[in-house]
Amino acid sequence: MTVRDTQRSRVYEAETVVRRVFDRADRGTGRQVELYGSSITLPVERRFASVESVQDYADRVLALNWVRAQWPRSASPITVRPRAGTAAAHYEPGTATLAVPTSGSGTRWALRELVILHELAHHLEPDGSDEAPHGPPFVDRYLTLVDGVVGAEAALLLRATLVEGGARLG
C-alpha cells in the first residue's frame, strides 16, 4: 500500500519561497532578512556546475560523521545522473539515484544545495519505512541536513516557511 503524500505541495511551495529569498540575497539585495521580527544573516548557498560536482557534494555530505551517526542509509552510496527536462529533480529509491536537470535554460534552480539536500533527505529514509514521501519524518531529515550543512539561519528560514505554509514537522 502506498502512503498518500498529503503535504508534497506544501513542501515544494515553501522551498520555492526560500529559494527566491536566497536568489534575491545572491543578486545583491543583501544577506540580511527579516523573519518574524528578527534580523538574520543568510549563509551562502552552494551552486553546482555539473553532475560531477553534485556527485562530489552528495558523497561528501553522506560521509559526514554526524550524518553517518544519525542515518544508517548514509553508508549506502548514491549515483547522480542528468535528467531530461527542466521541471524537477528527483530521487529514485530502487537504484539510489539522484536525477538533476542539467541542460536547458531553466535548470539553474536545481543545481543548488537546497535541492540536493532535499533529494538526500529522501535517500536517508530508513529501509522498510512506510512514511509519506514528504511527510513529517522527511521534513525533519531535510531540516536537520539544512541546519548542519548550510547553516542554522537557512534551517530557521525553511522551518518558518514550512510551518507558515501548513506543513507538519515530525
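# A chat about the fold

Visitor: At what distance does the side chain of Q55 make a polar contact with the side chain of D59?

Guide: A polar contact is a pair of N or O atoms within 3.5 Å; within protein, one must be able to donate a hydrogen and the other to accept it, and residues adjacent in sequence count only if both atoms belong to side chains. The side chains of Q55 and D59 make such a contact, at 2.9 Å.

Visitor: Before we go on, what pLDDT do side-chain atom pairs need in order to count?

Guide: Residues are numbered from 1 along each chain as its sequence is written, and side-chain values use heavy atoms, leaving out hydrogens and water. This is a predicted model, so to speak with conditions attached: totals for chains, interfaces and linings use all residues, local features need pLDDT of at least 70, and side-chain atom pairs count only at pLDDT 80 or more.

Visitor: Back to Q55, then: which backbone nitrogen does its side chain reach?

Guide: Q55 lies in helix α2, and contact here means heavy atoms within 4.5 Å. Leaving aside neighbours within four places in sequence, Q55 is in contact with I78, T79 and V80. Among these, the backbone nitrogen reached by the Q55 side chain, at 2.7 Å, is that of V80.

Visitor: Is Q55 buried or exposed?

Guide: The cut-offs are on relative accessible area: under 20% is buried, over 50% is exposed, and partly exposed is in between (1.4 Å probe, protein chains only). Q55 has 19% relative accessibility, so it counts as buried.

Visitor: Zooming out, how does the radius of gyration of the chain stand against the globule rule?

Guide: Helices (H or I, at least four residues) and strands (E, at least two) are DSSP runs numbered from the N terminus, and the chain has six helices and five strands. They follow the pattern α-β-β-α-α-β-β-β-α-α-α. The radius of gyration is 15 Å, so the chain is as compact as a globular protein of its length, 170 residues. It is taken over C-alpha atoms, and the rule, 2.2 Å times the number of residues to the power 0.38, gives a close value of 15 Å.

Visitor: Of the contacts between residues at least 6 apart in sequence, what share joins residues at least 24 apart?

Guide: The C-alpha atoms fill a box of roughly 40 × 35 × 30 Å along the principal axes, and 45% of the 170 residues count as buried. For those contacts, the share joining residues at least 24 apart is 56%.

Visitor: How many residues of helix α4 are buried?

Guide: Helix α4 takes in residues 113–123 and is mostly covered. The cover over its buried residues includes α1 (8–29), α2 (51–63), β4 (90–92), β5 (97–101) and α5 (136–150). Of the eleven residues in α4, the number buried is eleven.

Visitor: Which residue has its backbone oxygen 2.9 Å from a polar atom of the R73 side chain?

Guide: R73 sits in the loop between α3 (65–70) and β3 (79–83) and is buried, with a relative accessible area of 15%. Not counting residues up to four places away in sequence, R73 touches Y91, H123, L124, E125, P126 and D127. The backbone oxygen at 2.9 Å belongs to H123.

Visitor: What relative accessibility does S74 have?

Guide: S74 also turns up in the loop between α3 and β3. Beyond four places in sequence, S74 touches L62, V67, R68 and L124. S74 counts as buried, at a relative accessibility of 2%.

Visitor: What is the phi of Y36, roughly?

Guide: Most residues other than glycine have a negative phi. Y36, in the loop between β1 (32–35) and β2 (38–41), is exposed at 59% relative accessibility. Y36 is not a glycine, yet its phi is positive, at about 50 degrees.

Visitor: And where is A96 found?

Guide: A96 is another non-glycine with a positive phi, about 50 degrees. A96 is buried, with a relative accessible area of 12%. Its place is the loop between β4 and β5.

Visitor: Last one: how far apart in space are D26 and L42, C-alpha to C-alpha?

Guide: D26 lies in helix α1 and counts as partly exposed at 37% relative accessibility. Leaving out residues up to four places away in sequence, D26 touches R31 and R47. D26 and L42 are 16 residues apart in sequence, and their C-alpha distance is 9.9 Å.
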